[in-house]
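Work through the exercises below with the model open beside you. Try each task before reading its solution.

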Amino acid sequence: MQKLSEEAPLLVAQTGPLDGQRWVIRKKLYVGREPTCDIVIPKRQVSRRHAVIIPTSNGVIVEDLDSKNGSHINGKRVQTSISMQDGDTLQIGLIQQFLFLSSDATLPLDSSDFEIHPQEDHLLRLEKRSRRVWIGTQEILPPLSVSQFTLLELLYEHQGRVVSRKELIICVWGEEQALMVSDQALDALVRRLRERLRESKSNHAFIVTVRGHGLRLDNPLIE
């Protein structure tokens, strides 16, 4: 697989108005509503200069610029500054979510050249590091949310077998929160994931409900 000539950390927009866009972090990046910012989020929930992302010799840090609605890393509000780790999610003003990929996780942006899980000959394929999903040659854009991808990845790694609802809930929400998650919450997540997969040109129903047991991924071979 070809690599970028100079690897650098990567910021990938997920849920929000910038869905699917990517920024290589080689310099200080200002995030905000002002057109002069490096990453412009034109929503009132975002402050004019909301946050700044700074590459340093010790990694990438995020500083909140005293924004009204705050910046959050993995759900925790950034009070002053915080260092980002590979796979962290950055939420700006509760309107735009980003996925952070460290330099050793940086992938080429050409969708024709990517790392995938072993099932290369199946219709649906995914790449764990960048949380990218393809159906055939079509990438699902904007990217799936973190919870949608986590659910799909568990089914993908066990494709062909039924995964219980309990396993799915624990995987997505964690053991501590699992007891508080309702069946309706899981059903809503599955419904939205199915809708996202139907956005592709394929008419295949990938996620199969096995009543009384759980869910199974039906991922056919490419003919």
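Predicted model: local features only at pLDDT ≥ 70, side-chain atom pairs only at ≥ 80, totals over all residues.

**Exercise 1. The aromatic pair**

Solution. Buried means under 20% relative accessible area, exposed over 50%, and partly exposed in between (1.4 Å probe, protein chains only).

Residues are numbered from 1 along each chain as its sequence is written, and side-chain values use heavy atoms, with hydrogens and water left out.

Next, the rings. A pair of aromatic rings is described by the distance of the centres and the angle of the planes. Rings of Phe, Tyr and Trp (its six-membered ring) pair if their centres lie within 6.5 Å; planes under 30 degrees apart count as stacked, over 60 as edge-to-face and the rest as tilted. The structure holds one aromatic pair.

Last, the sequence. W23 is in β2 (residues 22–24) and F98 in β11 (residues 96–101), so the pair ties together parts 75 residues apart in sequence. Helices (H or I, at least four residues) and strands (E, at least two) are DSSP runs, numbered from the N terminus.

**Exercise 2. A charge over a ring**

Task: Locate R49 and find which ring its charged end sits over.

Solution. R49 lies in the loop between β4 (39–40) and β5 (51–56). R49 is partly exposed, at 37% relative accessible area. Its charged end sits over the ring of Y30, 4.1 Å from the ring centre. The criterion is NZ of Lys or CZ of Arg within 6 Å of the ring centre and within 35 degrees of the ring normal.

Now list the contacts (heavy atoms within 4.5 Å). Leaving aside neighbours within four places in sequence, R49 touches Y30, V31, G32, E34, T36, C37 and L65. R49 and L65 are 16 residues apart in sequence, and their C-alpha atoms are 6.6 Å apart.

**Exercise 3. The buried face of α2**

Task: Identify the buried residues of α2 and say what covers them.

Solution. The buried residues are L168, I169 and V172. Seen down the axis of α2, they fall within an arc of 95°, so they line one face of the helix. The arc is that of the directions from the helix axis to the C-beta atoms. An α-helix has 3.6 residues a turn, so residues three or four places apart point the same way. The cover includes α1, β15 (163–164), α3 (175–178), α4 and β17. After α2 comes G174, with a positive phi near 90°.

**Exercise 4. The cores**

Task: Find which residues have the most contacts inside the largest nonpolar core.

Solution. A nonpolar core is a set of buried Ala, Val, Leu, Ile, Met, Phe, Trp, Tyr and Cys residues joined through side-chain atoms within 4.5 Å. The largest has 28 residues; L124, V133, L152, L168, L197, F206 and I207 have the most contacts inside it. Elements that each supply at least two residues include β12 (124–127), α2 (165–173) and α4 (183–197). α1 gives the most, with six. Apart from this core lies another, of 21 residues, among them L11, I41, V60 and L90.
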